[in-house]
Amino acid sequence: MKRKLTKTELREINTGLPHIKKQLYENRELYQSICISVFEKPLKEEECWQIYDTDKKTIAERRKKLEDVLVDFFNLTDVYLWRHKRHYRILFYKPGSLQNLLRHCDILNQTWESGHRYDILLPEYSAVYSEEWDWTTIIWYRDYEKIKPLLEAVKKSGLYFYR
């Protein structure tokens, strides 16, 4: 269930995530990025077969790791979602529960083909967690020191990160 945010929550988003509208809509490079992946390192061209050649067990393991990160983020801090409205307006909202967040992100149906279906705002850490392609997600951040707890959650779930 979507809940309307209080003025304090909106202020927290705007303070923690300056220029968030531009980051989400126009210029993804306003913030720095760290790639989060199911693979230990960026894949070279000759290693890309690992993206496509997978069995159901491997896919389930990858989805579980990505879901574990979301659960840890949800338990660690307030998370917010957004949706587009007309005329480049953005509506921020807070998921009513962990189940609502997981349903929104739809990790159980994620494949290497899916990409950019969700952005999770983490204003306490001045970061945005976004789904990308090829079993990769990205943490867009403004201050590396602030996101260290997020990176610990990534390690704990069995995922890897690299710049």
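Helices and strands are taken here as DSSP runs, a helix having at least four residues and a strand at least two, and both are numbered from the N terminus. The model on your screen is predicted.

Begin by selecting Ser 157, which lies in the loop between helix 6 and strand 8 (160-162). Is this residue buried or exposed? Ser 157 has a relative accessible area of 9%, and because buried means under 20%, Ser 157 counts as buried. If you leave aside residues up to four places away in sequence, you will find Ser 157 touching Lys 65, Asp 68 and Val 69.

Next, select Glu 61, which has its place in helix 4 and is partly exposed, with a relative accessible area of 39%.

Now show helix 4 (residues 56-76) together with helix 5 (residues 98-105), whose axes come within 10 Å and cross at roughly 140°. That angle makes helix 4 oblique to helix 5, and the crossing of the two helices is right-handed. To see where they meet, display Glu 67, Leu 70, Val 71 and Phe 74 from helix 4 alongside Leu 98, Leu 101, Leu 102 and Cys 105 from helix 5. Sorted by class, this contact has 7 nonpolar residues, 1 charged residue and no polar ones.

Stay with helix 5 and colour its buried residues, which are Leu 98, Asn 100, Leu 101, Leu 102 and Cys 105. What covers them includes helix 4, strand 3 (81-85), strand 4 (89-95) and strand 5 (119-122).

Then turn to the largest nonpolar core, which has 32 residues, and select Phe 73, Ile 120, Tyr 129, Ile 139 and Ile 147, the members that touch the most other members. Two or more residues of this core come from each of strand 2 (32-37), helix 4, helix 5, strand 5, strand 6 (127-131), strand 7 (136-141) and helix 6 (148-156).

Which residues does Ile 120 touch, not counting residues up to four places away in sequence? Centre the view on Ile 120 and you will find Leu 70, Val 79, Tyr 80, Leu 81, Leu 101, Cys 105, Ala 127, Val 128 and Tyr 129 in contact with it.

As a last stop, look for a second, separate core of 14 residues, among them Leu 5, Ile 13, Trp 82 and Phe 92.

Notes: Residues are numbered from 1 along each chain as its sequence is written. This is a predicted model: local features need pLDDT of at least 70, side-chain atom pairs count only at pLDDT 80 or more; totals for chains, interfaces and linings use all residues. Side-chain values use heavy atoms; hydrogens and water are left out. Axes are lines fitted to C-alpha atoms, for helices over the stretch in contact, and angles run from 0 to 180 degrees between N-to-C directions. Angles under 35 degrees count as roughly parallel, over 145 as roughly antiparallel, 65 to 115 as roughly perpendicular and the rest as oblique. A crossing is left-handed if the near helix is turned anticlockwise from the far one by less than a right angle, and right-handed if clockwise. Contact means heavy atoms within 4.5 Å. Ala, Val, Leu, Ile, Met, Phe, Trp, Tyr, Cys and Pro count as nonpolar, Asp, Glu, Lys and Arg as charged, and the others, Gly among them, as polar. Buried means under 20% relative accessible area, exposed over 50%, partly exposed in between (1.4 Å probe, protein chains only). A nonpolar core is a set of buried Ala, Val, Leu, Ile, Met, Phe, Trp, Tyr and Cys residues joined through side-chain atoms within 4.5 Å.
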